[in-house]
Amino acid sequence: MQPIMIQEVMTTLPHRFPFLLVDRVLSVEGGEVHAIKNVSVNEPFFTGHFPTEPVMPGVLITEALAQASFFCMHEALEPGTIGYLAGIDGARFKRKVVPGDTLHLYARLEFMRRGLGKTTCRAEVDGQVAAEATILFAVGKG
């Protein structure tokens, strides 16, 4: 498949700056997604987290994983469908994410039924696991 570029990402996700946290989807196959977020020193959260040692907040890494998860069902959903975060299980943060990193976002759809879904996710930088979580979401009309 061809990568899903930012223009199509923006037609799929309702998020906008500063909360659009997927820059490109590299692959979608069999309910598995590989997306990226390029982490720049210009991100607005770095001014306060932390001024002397910029670190991407774990909650935003988790949000990036949730946004990437939505692409697990990208082709099966009607336009205008939104995924709402319903829960996070087993979140673990194992490595700092800093400016200049490329955050690789991996999500695998575990199930989707009656508007509820679950994905197993991990974020990596340079082949090292930065974060892991199980994301629960509800799908609805925006």
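Student: My notes say that buried means under 20% relative accessible area, exposed means over 50%, and partly exposed is in between, with a 1.4 Å probe and protein chains only. How many of the twelve residues of α2 are buried?

Tutor: Ten of the twelve are buried, so helix α2 is largely enclosed by the rest of the structure. This is a predicted model, in which local features need pLDDT of at least 70 and side-chain atom pairs count only at pLDDT 80 or more, while totals for chains, interfaces and linings use all residues. Residues are numbered from 1 along each chain as its sequence is written, and side-chain values use heavy atoms, with hydrogens and water left out.

Student: OK, and how far does α2 reach from its first C-alpha to its last?

Tutor: Helix α2, residues 58-69, reaches 16 Å, which is close to the 16 Å expected at 1.5 Å a residue. The expected span of a helix is 1.5 Å times one less than its number of residues.

Student: Which strands do the buried residues of α2 pack against?

Tutor: They pack against β2 (32-38), β3 (81-93), β4 (102-113), β5 (116-125) and β6 (128-141). Among the buried residues of α2 are Leu60, Ile61, Thr62, Leu65 and Ser69.

Student: Take Thr62, then. What does Thr62 touch, not counting residues up to four places away in sequence?

Tutor: On that count, Thr62 touches Ile88, Phe93 and Ile135, where contact means heavy atoms within 4.5 Å. Thr62 has a relative accessible area of 8%, and therefore it is buried.

Student: And is Ser69 buried or exposed?

Tutor: Ser69 counts as buried because its relative accessibility is 1%. Leaving aside neighbours within four places in sequence, Ser69 is in contact with Ala107, Thr119, Cys121 and Ile135. With one of these, Thr119, the side chain of Ser69 makes a side-chain polar contact of 2.8 Å. A polar contact is a pair of N or O atoms within 3.5 Å; within protein, one must be able to donate a hydrogen and the other to accept it, and residues adjacent in sequence count only if both atoms are side-chain atoms.

Student: Switching to the core: which of the 35 residues in the largest nonpolar core touch the most other members?

Tutor: Those residues are Val9, Val22, Val25, Met56, Val97, Leu103 and Leu105. The elements that give two or more residues to this core are β2, α2, β4, β5 and β6, and α2 gives the most, with six residues. A nonpolar core is a set of buried Ala, Val, Leu, Ile, Met, Phe, Trp, Tyr and Cys residues joined through side-chain atoms within 4.5 Å.

Student: What does Val97 touch?

Tutor: Not counting residues up to four places away in sequence, Val97 touches Val39, Pro54, Val55, Met56, Ile61, Leu103, Val125 and Ala130.

Student: New topic: which residue does the UniProt annotation "active site" cover?

Tutor: In the unreviewed UniProt entry, that annotation covers His49. UniProt positions are given in the numbering used here, feature names are shortened, and annotations may be inferred rather than shown by experiment. In the model, His49 is found in the loop between β2 and α2, and it counts as partly exposed because its relative accessibility is 24%. Setting aside residues up to four places away in sequence, His49 touches Pro54, Val55, Met56 and Pro57.

Student: How many salt bridges does a search of the whole structure find?

Tutor: The search finds six, a salt bridge being a side-chain nitrogen of Lys or Arg within 4 Å of a carboxyl oxygen of Asp or Glu. One of them joins the side chains of Glu43 and Lys37 at 2.8 Å, N to O. Glu43 is buried because its relative accessible area is 9%, and Lys37 counts as buried because its relative accessibility is 4%.

Student: What about Arg95: with which residue does it form a salt bridge?

Tutor: Arg95 pairs with Asp101, and the closest N and O atoms are 3.4 Å apart. Here Arg95 is partly exposed because its relative accessible area is 24%, whereas Asp101 is buried because its value is 11%.

Student: Last one: is Arg92 buried or exposed?

Tutor: Arg92, which lies in strand β3, is exposed because its relative accessible area is 51%. Leaving aside neighbours within four places in sequence, Arg92 is in contact with Ala130, Ala131 and Glu132.

Note on methods
Helices (H or I, at least four residues) and strands (E, at least two) are DSSP runs, numbered from the N terminus.
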